[in-house]
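These are my notebook entries on what I looked up in the structure, kept in the order in which I went through it.

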Amino acid sequence: MDYAIIVVGGGHAGIEAALAGARTGCRTLMITQSLDTIGRLSCNPAVGGLAKGNIVREVDAMGGAMGQLIDRTLIQYRVLNRRRGPAVQAPRAQADKFSYSRLAKETLEAQKNLDLFMDTVTDLLVEGGRCCGVVTARGHRISAQAVVVTTGTFMDGRIFIGEYDAPEGRLGEEGAFGLGDSLRRLGFETGRLKTGTCARVDAASLDFSRMERQDGDEPIEPFSFLTPAVPKTQIPCWITYTNEKTHEIIRRGIDRSPLYGGKITGRGPRYCPSIEDKVMRFPDRERHQIFVEPEGSGTCEMYLNGLSSSLPEDVQNDFIHSIPGLENARVMRPAYAVEYDFLPPTQLLPSLESKRLGGLFFAGQTNGTSGYEEAAGQGLVAGINAVQSIRKEPPLILSRGEAYIGVLIDDLVTKGTKEPYRMFTSRAEYRLSLRHNTCDVRLTPKAAALGLCSGQRMEKLSAKIAAVAELKQALRETRLRGTNAYALLKQPGVELDSLADNVPELKNYSEDVKETVQQDIKYEGYLGREEQQVHRMEKLENLSIPAGFDYDAVGGLSSESREKLKSIMPVSISQAGRISGVRPSDLALLMVFLRRKDG
């Protein structure tokens with residue numbers, strides 16, 4: 001056996017999968033088409049955002065790399081929804097995309113047990129119902145005990161710019177061909193999805209006086225729980241808007257759009273539509289917001305966030321020049337759409353292992369998601385579970401009450417997706433429990449048990465838990481206004497820092513500890529109710545359904561529920577209940593049948 005684990009692809013899912021494999025002691029190989037584009041921020045050079053920032057911190061809490069990579073390369077930091085409750089707040093950082101990619105490659109190169117190899121995987125090796133390696137375009141046959149596929153937008157990828165199209169996964173980068181055919185020969189279903197990116201323009205050609213300046217927040221709160229501080233000089237972003245002239249130019253050129261002309265068949269992301277989609281679907285909107293964001297500190301390229309398009313370059317130039325501040329913009333890279341093969345994720349177990357072929361895992365955009373963060377979370381779990389399968393140990397399954405990553409994977413494997421899936425806080429039932437400053441408490445002990453966390457990380461977590469407990473006790477023991485500081489903090493409008501004169505111990509604690517304590521106390525009642533709901537859900541999760549269960553043996557099931565259950569093959573009653581189309585009455589029948597069988 002050449003390797004324990006082979007990871008196909010060098011994007012954000014591939015990075016986390018490869019590091020997870022290598023850091024747990026398995027000899028791991030990453031195969032990627034280009035060693036120069038590892039960790040590339042293909043679209044918006046930013047990490048984090050609503051729910052996505054929580055995923056980055058979850059990845060970090062479990063020993064992943066994304067949090068530390070963005071901490072070291074960010075050029076602007078903001079907390080979104082700061083004026084709203086903690087359940088929907090999230091960090092977001094603009095990255096120096098070139099530094100991010102370089103640092104990602106350096107991190108992989110420095111990792112013990114990990115090799116990098118530049119080639120294209122075109123086929124899979126199969127023996128005894130398991131994937132046991134890969135075949136590359138240059139004829140290499142490389143064996144492994146587990147394979148993790150993270151092909152992103154490259155599997156049978158094709159880009160579109162008006163009448164122009166090319167077999168590429170990114171502009172100027174050849175697509176990956178052969179693997180999709182191999183998967184279909186092996187019986188896998190594949191589909192087509194579409195995503196896109198925006199034009200890049202020369203900062204020297206822009207008139208920033210006609211735009212709104214957007215500065216970063218201070219202080220910068222690190223994404224990684226290991227980063228002590230991020231002392232950075234931040235670079236501003238800018239805001240401008242489309243107008244009726246912009247929209248008219250787009251309407252006039254819509255017949256030349258491959259999206260509306262039928263050349264693109266894959267469905268695009270509902271929550272991040274192209275500018276032509278926005279204009280055609282929302283004709284009453286007078287303007288659309290555009291964020292003009294730097295690509296890095298060492299480049300003049302600016303990213304026009306909100307202007308994703310597949311229209312011809314002459315139409316792009318015209319509508320860009322109609323926008324305030326962009327009248328003389330020099331386009332350095334055009335916007336384009338990319339269509340690619342994906343694997344409908346209901347073909348996967350909650351471990352992200354294929355139901356059809358043992359030892360074969362899938363992660364990232366290959367599973368129908370959008371976004372670097374969603375990819376990283378899946379890559380980490382797939383890498384961990386590749387190791388677990390080799391060791392013949394139970395897989396890591398994160399529940400919906402434990403992590404946004406758990407919500408993400410459960411949604412994918414239970415409900416599937418027909419469009420690029422994007423994580424939102426609204427998808428999580430227990431989002432107050434999943435806030436970004438508690439990721440380490442929830443997940444680091446799990447990672448430590450798997451051998452993914454350093455002693456330093458566990459020591460830091462233990463110190464934080466102790467500090468939170470100490471500060472809460474100090475607040476209980478401080479009497480003021482006829483009660484104690486702990487109870488007083490629950491009142492609306494009372495903030496922890498306003499009690500500093502009465503609680504001198506506050507000066508001894510970090511902002512992270514104080515924020516955690518304040519949120520724990522203020523939302524104690526809500527958190528208690530969420531915890532009860534999570535416990536009820538866990539009871540249903542513990543009602544497992546045996547692998548290969550015969551649903552035809554359960555009398556009285558409706559034909560629709562039976563068909564859905566046989567298709568998804570849920571691993572628990574809880575998962576079965578989340579399948580669209582499964583009736584509550586059928587779920588009750590299934591529970592009775594399983595209990596009788598166990599009895």
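I began with charges over rings, and noted that R287 lies over the face of Y241, at 3.6 Å from the ring centre. A second case is R356, which lies over the face of F188 at 6.0 Å from the ring centre. The rule I used asks for NZ of Lys or CZ of Arg within 6 Å of the ring centre and within 35 degrees of the ring normal.

For the record, I worked from a predicted model, in which local features need pLDDT of at least 70 and side-chain atom pairs count only at pLDDT 80 or more, while totals for chains, interfaces and linings use all residues. Residues are numbered from 1 along each chain as its sequence is written, and side-chain values use heavy atoms, with hydrogens and water left out.

Next I searched the whole structure for aromatic pairs and found six. Here rings of Phe, Tyr and Trp (its six-membered ring) pair if their centres lie within 6.5 Å, and planes under 30 degrees apart count as stacked, over 60 as edge-to-face and the rest as tilted. One of the pairs is Y77 with F223, edge-to-face, at 6.3 Å centre to centre and with 85° between the planes. Y77 lies in strand β4 (residues 74-80) and F223 in the loop between β16 and β17 (237-241), so this pair ties together parts that are 146 residues apart in sequence. I found both Y77 and F223 buried, where buried means under 20% relative accessible area, exposed over 50% and partly exposed in between (1.4 Å probe, protein chains only). Y523 and Y526 form a tilted pair, 6.4 Å centre to centre with 45° between the planes, and Y523 is partly exposed, at a relative accessible area of 24%. I also noted one aromatic cluster formed by F549, Y551 and F593.

I then turned to strand β5 (residues 90-95), where six of the six residues are buried. Strands and helices here are DSSP runs numbered from the N terminus (strands E, at least two residues; helices H or I, at least four), and two strands pair if DSSP finds at least two bridges between them. Strand β3 (residues 46-48) runs antiparallel to β5 and is joined to it by three bridges, with V47 opposite A93. Strand β4 is also antiparallel to β5, through six bridges, and R78 stands opposite R92.

Which order do the strands of the open six-stranded sheet take? I read it as β16-β17-β18-β19-β15-β20, with antiparallel pairing. The edge strands, each pairing on one side only, are β16 (212-214) and β20 (331-333). Within this sheet, β15 (residues 200-202) and β19 (residues 301-305) pair over three antiparallel bridges, and D202 has E301 in β19 as its bridge partner.
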